[in-house]
Amino acid sequence: MTEFPGKTLTIRSVKPTDIPQVMSWGQGSTESFFLLNFPLMFNRDDLARELDHKDTELLIIENKSDLIPLGLCKLGPLRMPEKQTQLRFTIKTYPDYSAEKAQEAPKLLLDYLFNKAGLTKVQAYTLEYEKEYEFLLKKLGFQKEGAYQHHFFHKEHYYSVNIFGLLKEDFIL
């Protein structure tokens with residue numbers, strides 16, 4: 001099991017016993033398209049399949065003091081020999097939410113990916129209306145690399161997908 005302890009939060013692999021908690025939080029959230037639709041949160045079987053993927057890892061972000069879930073992260077697939085992966089995360093707004101706390105989870109993961117796992121690049125994708133997520137990626141050092149225009153169709157609407165990348169040499173902890 002993967003676990004990343006931070007100053008105010010912990011990130012750990014989602015276990016099958018976490019499914020009810022993750023589903024109840026995800027279904028009640030309006031924070032992110034990712035939480036509502038990707039990975040699929042429609043039922044227990046979809047989430048169980050997501051946890052069983054060999055090439056991706058689903059992680060839960062929890063407040064360190066009371067283990068209240070604050071967000072989710074999806075890593076993968078890991079692409080070797082390129083030494084690259086994709087990162088997708090969402091962090092819920094909560095009473096003592098701050099920009100510093102919002103950056104702690106991705107910084108923990110990026111530090112691990114670049115300095116321990118030996119990756120050279122991490123990519124992230126956003127839907128065109130996820131401006132807060134894009135702002136956070138830019139604060140972390142990600143650069144916009146391009147976009148897929150009208151790439152994703154959901155509920156009778158096409159959405160563009162923005163592509164961001166962060167190189168190891170541009171990552172500042």
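**Entry 1: the chain as a whole.** I began with contacts, taken as heavy atoms within 4.5 Å: among those in the chain between residues at least 6 apart in sequence, 57% join residues at least 24 apart. I note that the model is predicted, that local features need pLDDT of at least 70 and side-chain atom pairs pLDDT 80 or more, and that totals for chains, interfaces and linings use all residues. Residues are numbered from 1 along each chain as its sequence is written, and side-chain values use heavy atoms, with hydrogens and water left out.

I then listed the elements as DSSP runs, with helices (H or I) of at least four residues and strands (E) of at least two, numbered from the N terminus. The chain has five helices and eight strands, in the order β-β-α-α-α-β-β-β-α-β-α-β-β. Of its 173 residues, 49% count as buried; buried means under 20% relative accessible area, exposed over 50%, and partly exposed in between (1.4 Å probe, protein chains only).

**Entry 2: strand β3.** I looked up residues 57–63. Six of the seven residues of β3 are buried, so the strand is largely enclosed by the rest of the structure. I counted strands as paired if DSSP finds at least two bridges between them. β3 pairs with β2 (residues 9–13) in the antiparallel sense over five bridges, and asparagine 63 is the bridge partner of leucine 9. With β4 (residues 69–75), β3 forms six bridges, also in the antiparallel sense; here leucine 59 stands opposite cysteine 73. Five residues lie between β3 and β4 in this hairpin, and leucine 67 in the turn has a positive phi of about 60°.

**Entry 3: the nonpolar core.** I defined such a core as buried Ala, Val, Leu, Ile, Met, Phe, Trp, Tyr and Cys residues joined through side-chain atoms within 4.5 Å. The largest has 27 residues, of which Ile11, Leu87, Phe89, Leu109, Leu110 and Phe142 touch the most other members. Helix α4 (99–115) gives the most to this core, with six residues. I followed leucine 109: leaving aside residues up to four places away in sequence, it touches Phe4, Ile11, Leu59, Cys73, Leu75 and Leu87.

**Entry 4: helix α5.** Which residues of α5 are buried? I found Tyr133, Glu134, Leu136 and Leu137. Just after α5, glycine 141 takes a positive phi of about 105°.
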